[in-house]
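Hi,

Here is the structure we talked about. Please load it before reading on; my notes follow below.

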Amino acid sequence: MKPSSRIDIETLLNHSKTERVIADINRETIDRRAFSPKKCQVFSESFTMLQDQPHYRFTTDQEAGKVLPDIIDNRIQKIVPGTGEHQQEQKRYVKQRNIGIVFSGGPAPGGHNVIAGIFDAAKTANPDSRLYGFILGPEGILDNAYVEITESLVDAYRNLGGFTMIKTGRTKIDTRKKMDLSRATCKALNLDALVIVGGDDSNTNAAFLAQELKADGIQVIGIPKTIDGDIQVKTEDDEVLCSISFGFHTAARAFAQNISNLCTDAGSDIKYWHICKVMGRVASHLALETALQTHANLTLVGEDLADYVDQDRLKAAEERGEVDYTAYGMTLRHLSRLICDTIVKRAASGKNYGVMIIPEGVLEFINEIQIFIIKLSTIIAEFNEVHDVDFHASFPSLDARLDYLRRLARGISDRAASPMWNLRDDELFNDLPAFFQEGLLVERDTHGNFQFSQVKTEKIVMDMVTDYLDILREKGLYKVGINADAYKSAMERDGLDADGFGRAIFKNYGSGDYLLVKESIISRKTLTQAVVNAGLLEDEKPLPVAVIDVFNKSVPKFRTQTHFYGYDGRGSDPTKFDCNYTYNLGLTAFSLIANGATGQMAVIKNLENKFCKWEPLGIPIASLMHLEERKGKLALVIEKSIVDVDSNAFRIVKALRHKWMAAEPGEDCYRRPGPVRFTGSSEEDRPITLMLNSI
Ligand code: FBP
């Protein structure tokens with residue numbers, strides 16, 4: 001375009017079309033803001049009450065009883081309609097309240113609707129009630145940094161993803177001083193209640209705060225948030241009270257769309273293996289759901305690997321009259337062999353490409369790595385405690401950290417020396433590649449958890465896979481299958497004896513749609529030898545071009561593209577399921593507050609069923625706690641729910657593993673879940689895992 005015919009930039013920017021199409025607020029945002037989530041029937045009543053549900057039983061940890069005496073006897077409570085004869089309760093329900101809310105931990109789609117639910121319920125009960133949002137997570141409580149949540153603020157964020165309204169953070173309220181600061185903030189704001197929206201650790205924190213603030217008359221309610229899906233609650237009798245935390249569905253759907261797109265690309269260009277690491281710090285729920293959504297060719301599930309028993313090794317030891325304990329559990333080496341098995345089998349049927357899903361936390365389930373993680377976490381925590389300076393600040397480089405470990409192993413370190421790091425550990429650790437050593441030594445989060453998202457899990461696994469594939473290639477065991485028809489026509493085109501050459505080159509000539517070059521043929525030289533030996537070529541004569549072409553096609557190149565799906569899905573706008581779920585969690589939290597509950601977690605039972613069956617409950621957080629090692633010490637925390645390998649969802653994935661691997665001629669079985677759809681009716685209304693587990 002000639003500069004003279006160009007519209008000047010000011011005019012262009014002010015053009016009505018430009019303004020319309022590039023406005024910050026687009027149609028999708030407008031539609032989302034305008035959407036009213038469904039409300040469970042009970043929330044349409046003028047007020048609600050709580051009804052104890054003594055038939056649901058939990059075994060409580062003795063330690064929890066000791067440290068949380070004021071909330072340990074809490075019961076599971078169902079939200080029920082208030083009725084005319086309960087005037088006292090109604091009066092309490094509609095009283096003016098000040099409520100604080102805080103997001104804690106990683107963002108999860110739907111958080112804004114929790115705020116919207118509490119806000120709408122609180123204002124409906126009493127327009128003078130006020131809601132305050134603490135800024136940047138629990139840090140905001142300590143610093144008394146907050147914003148008053150107004151109607152216009154809520155309206156701007158309805159049904160939108162992220163925690164952008166008030167942000168989030170990972171600070172833990174775990175010391176006397178922090179408890180006192182929290183109390184001071186709650187009192188300064190004259191709070192009646194505080195709602196903590198967080199994962200297992202943050203809900204643990206909520207229970208301790210509930211105990212601490214009970215005497216001050218300040219109630220604390222938890223909300224189960226995390227895309228990882230690892231907050232699930234079952235009673236002693238296996239009744240599911242909370243089948244998933246909020247945000248899980250959206251993150252899984254967002255990951256699934258991207259991974260499904262890669263399946264389409266992989267199947268079109270047929271040259272790459274796409275290695276997709278998906279978030280989930282420990283549990284593999286997201287990987288499992290993504291597998292169900294996409295039917296990728298291979299999905300690792302950490303919990304399944306931990307369950308692995310090498311029957312061959314066990315049997316061999318048995319024959320020697322021994323028990324081989326190393327046969328239990330998965331090693332990195334063995335895992336790389338399992339992955340190679342899929343790659344080799346697919347290549348044999350002409351598919352030297354595919355899509356693989358690796359859960360972020362898979363290393364947690366590999367024995368040898370888990371031991372390192374536990375030992376190093378303890379060493380770092382001990383160092384921080386004894387020296388009152390940060391391990392990572394004291395040893396900023398990898399070399400310095402390795403040196404510290406070396407001295408520890410030799411017993412020549414300072415008084416923080418831990419007997420748990422010995423010369424053997426040091427030796428094994430030094431065998432690992434530097435990037436992995438660095439990964440295992442990363443700073444732990446505030447709760448002492450290992451930060452899997454900081455480690456290139458997929459690189460560790462795939463480096464071993466690549467090495468092993470090289471060995472298999474050299475042994476002639478990794479080959480690309482040659483389409484039998486294509487082979488025949490190529491040979492005939494060049495006037496060659498297809499059958500003669502076929503029998504000389506392939507090990508399965510005459511049977512099967514895909515032909516595999518004999519294992520002994522691994523180079524041009526060995527190929528020539530085979531053809532000469534079959535009497536098809538005189539010594540010293542060059543190989544026919546068509547034969548060379550066939551051979552070249554059979555030699556696999558293992559090309560990968562790696563992807564990490566985590567932060568993107570975490571920031572996605574919520575699915576309708578998560579919009580409805582979180583709004584009702586907000587309404588539930590308010591009902592619990594308005595009826596005097598504290599130390600309870602708001603949940604919705606029956607998420608796996610149709611919306612009309614959803615049932616809002618309050619669950620005692622103290623009953624969910626157990627003792628677990630954190631920062632090298634036993635601590636009371638909420639138990640994480642990992643994938644149950646006996647669940648329907650996992651068993652189905654396991655049963656279909658072979659089908660989805662699609663290591664035979666024909667189409668792959670990829671499924672197209674599509675993007676998260678907010679309008680229209682084709683979006684699924686709940687996670688597939690939940691639907692299967694409810695069968
Ligand atoms: P929460 O448990 O706090 O919800 O966070 C989960 C998660 O998204 C994990 O899947 C991931 O390992 C981690 O957060 C990443 O943490 P960070 O945001 O600190 O990198």
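Helix H9 passes helix H10 in a right-handed crossing. Bear in mind that this is a predicted model. H9 covers residues 176-188 and H10 covers residues 200-214. Their axes come within 11 Å and cross at roughly 65°. From H9, the contact uses Arg176, Met179, Ser182, Arg183 and Cys186. H10 supplies Phe208, Leu209, Glu212 and Leu213. By class, that makes five nonpolar, one polar and three charged residues.

Next, the domains. The protein chain is divided into three parts:

- Domain 1 is 36-49 + 59-79 + 95-246 + 574-630.
- Domain 2 is 250-480 + 556-573 + 639-695.
- Domain 3 is 481-554.

I looked at the pairing of domain 2 with domain 3. Their centres, taken over C-alpha atoms, are separated by 39 Å. The contact takes 13 residues from domain 2 and 13 residues from domain 3. Between them the two domains bury about 880 Å². Carbon and sulfur atoms account for 54% of that area.

How many salt bridges cross the interface of domain 2 and domain 3? The rule finds zero there. A search of the whole structure, by contrast, finds 42 salt bridges.

In general, side chains of opposite charge can pair when their charged atoms come close.

Best wishes

Technical notes
Residues are numbered from 1 along each chain as its sequence is written. This is a predicted model: local features need pLDDT of at least 70, side-chain atom pairs count only at pLDDT 80 or more; totals for chains, interfaces and linings use all residues. Side-chain values use heavy atoms; hydrogens and water are left out. Axes are lines fitted to C-alpha atoms, for helices over the stretch in contact, and angles run from 0 to 180 degrees between N-to-C directions. Helices (H or I, at least four residues) and strands (E, at least two) are DSSP runs, numbered from the N terminus. A crossing is left-handed if the near helix is turned anticlockwise from the far one by less than a right angle, and right-handed if clockwise. Contact means heavy atoms within 4.5 Å. Ala, Val, Leu, Ile, Met, Phe, Trp, Tyr, Cys and Pro count as nonpolar, Asp, Glu, Lys and Arg as charged, and the others, Gly among them, as polar. Domain bounds come from an automatic or database domain assignment. Buried area is the accessible area (1.4 Å probe) that two parts lose on being put together, summed over both. A salt bridge is a side-chain nitrogen of Lys or Arg within 4 Å of a carboxyl oxygen of Asp or Glu.
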